[in-house]
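Hello,

Here is the structure for your files.

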Amino acid sequence: MGPKVLIVGGGPAGSACGITTARAGLETIVFEKGGPDRDKVCGDGILPKAQKYLDSLNLYEKVKKRGIEVQKIVTYIGNSKPIVVEIPVINLQRSVFDKLMRDKVRSFGGKLLYNSNISSVKISSGGVLIEDSNQNSYKGDVLVLSTGARVHLARKLGFSFSKENVGVAMRGYMSNNLRLDHCLVYFSKDMDSFGWILPCPGNVLNVGLGSLGPKNSLKNLFETFAQNTVKEISGNSEFISKPEGYPLRIGLRKGDYVSDRVLIAGENIDCVWDLLGVGIGNAIETGIVAGDVIIKSKFPYSKEQLSTYENVIKKRMGKTHKGFSSARNFLKSSLGRYLFIKLSTSSVRARKSLAKIMGGDLQPDNLFSLRGLLKNL
Ligand SMILES: Cc1cc2nc3c(=O)[nH]c(=O)nc-3n(C[C@H](O)[C@H](O)[C@H](O)COP(=O)(O)OP(=O)(O)OC[C@H]3O[C@@H](n4cnc5c(N)ncnc54)[C@H](O)[C@@H]3O)c2cc1C
């Protein structure tokens with residue numbers, strides 16, 4: 001008999017892991033504290049890297065059908081001219097998107113337990129024992145923690161986290177009165193915050209603001225953005241949902257990713273790219289790799305065996321994460337910012353490189369460095 005895989009958290013990372021292990025015939029249970037339509041505070045933008053992984057999970061067409069596909073992102077840095085990047089982005093509310101992923105776990109025979117808030121996790125030589133807040137307990141052989149930016153369960157198992165990598169973002173929905181048909185992104189000149197306006201299904205706009213730098217007041221920044229830029233773009237729309245905030249874990253974790261019988265995935269390993277605040281594709285990738293490593297590992301799922309997961313993720317993602325952090329620093333310098341804006345508003349080649357970087361197909365230093373800029377002249 002194969003192992004029993006317990007996955008806590010039914011977001012993109014947990015579901016991608018569940019699809020991978022269930023598809024391979026492993027007994028899989030995903031525990032999700034919300035109900036089937038649980039929402040996640042997000043910009044709802046599914047970029048090319050995420051689309052590629054959705055395709056590998058046979059979900060791309062379904063997601064595309066339910067979402068809105070837009071063909072460009074228009075970016076401003078401070079008062080710069082617009083930087084128009086042609087890139088396919090699918091916008092879809094997370095309440096719908098996450099459910100499509102969880103349903104896929106089920107389609108391969110995996111179990112999904114909704115309203116199952118896991119509060120206790122114990123690991124022993126005999127296996128994994130978890131308990132939800134209603135005192136229901138479950139036994140398994142290997143545990144995946146994919147609880148997103150909330151890392152309390154991983155902490156309980158001895159994984160340590162620094163506060164350094166945590167940003168925060170806020171979003172709400174309003175009517176798309178003026179029928180905006182592309183994504184808009186506005187970076188502050190200091191590159192520490194960025195606002196977005198994204199058209200979503202149901203003729204609504206996802207309006208949000210993320211702060212990745214020193215703690216400015218997110219609420220104040222968000223209100224200023226909503227009162228000025230957003231009012232103009234939305235044709236004076238009002239919020240139809242109360243704007244909500246949520247943390248973002250950025251830049252790829254430096255500490256351990258595994259311990260005996262345990263793997264942590266998605267935002268538990270700080271999978272969000274710096275600069276762009278994008279994490280769905282990375283979360284899916286970590287979930288798939290975690291699932292693959294579980295499939296190839298054997299009892300007793302020791303830390304040594306599972307460490308392949310950490311090695312693969314660091315090898316595949318390390319350089320890009322570092323590149324995005326360096327890119328933000330590059331744009332913080334007035335010279336770097338000036339040269340980048342000048343080139344990306346005048347050179348088709350530079351904008352093509354930017355599209356590839358945003359899509360995860362090119363390392364950020366190919367543009368966000370003096371050498372990179374020269375290559376794109
Ligand atoms: C405002 C904002 C805007 C963003 N915009 C974008 C964007 O446009 N595009 C993009 O690619 N990324 C975006 N991100 C990042 C993206 O949302 C995350 O990186 C991604 O959701 C991480 O996936 P995950 O599976 O690791 O975690 P999550 O999506 O957070 O999923 C974790 C799941 O675990 C469940 N859970 C937590 N604790 C428990 C528990 N104890 N028991 C059971 N279940 C539990 C939660 O309910 C949740 O469903 C944004 C983030 C924020 C905050």
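From which domains does the shell around the ligand draw at least three residues each? They are domain 1 (4–67 + 92–163 + 250–326) and domain 2 (71–91 + 165–248), with bounds taken from an automatic or database domain assignment.

This is a predicted model, in which local features need pLDDT of at least 70 and side-chain atom pairs count only at pLDDT 80 or more, while totals for chains, interfaces and linings use all residues. Residues are numbered from 1 along each chain as its sequence is written, and side-chain values use heavy atoms, with hydrogens and water left out.

Ligand site

The ligand is surrounded by 38 residues (a residue counts if one of its heavy atoms lies within 4 Å). E32, R38, G43, R94 and E267 are the closest.

On its own the ligand has 1000 Å² of accessible area, of which the protein covers 97% (Shrake-Rupley method, 1.4 Å probe). Strand 15 gives the most to the shell, with 3 residues; helices (H or I, at least four residues) and strands (E, at least two) are DSSP runs numbered from the N terminus. By class the shell has 17 nonpolar, 14 polar and 7 charged residues, where Ala, Val, Leu, Ile, Met, Phe, Trp, Tyr, Cys and Pro are nonpolar, Asp, Glu, Lys and Arg charged, and the others, Gly among them, polar.

Cavity

The count is 1 cavity of 30 Å³ or more (on a 1 Å grid over the protein atoms alone, a set of points where a 1.4 Å probe fits but cannot get out; lining residues have an atom within 4 Å of a point). The largest cavity has a volume of about 110 Å³, meaning the space filled by probe spheres set on the points. Its lining has 14 residues, with T75, F187, F340, L354 and F368 nearest the centre. Helix 10 supplies the largest share, 3 residues. The lining divides into 13 nonpolar, 1 polar and no charged residues.

Second largest pocket

This pocket (an open set with protein on both sides within 12 Å along at least five of seven lines) holds about 410 Å³ of space. Of its 20 lining residues, N165, I250, G251, K254 and S325 are the closest to the centre. Helix 8 gives the largest share of the lining, 6 residues. The classes here are 5 nonpolar, 7 polar and 8 charged.

Regards
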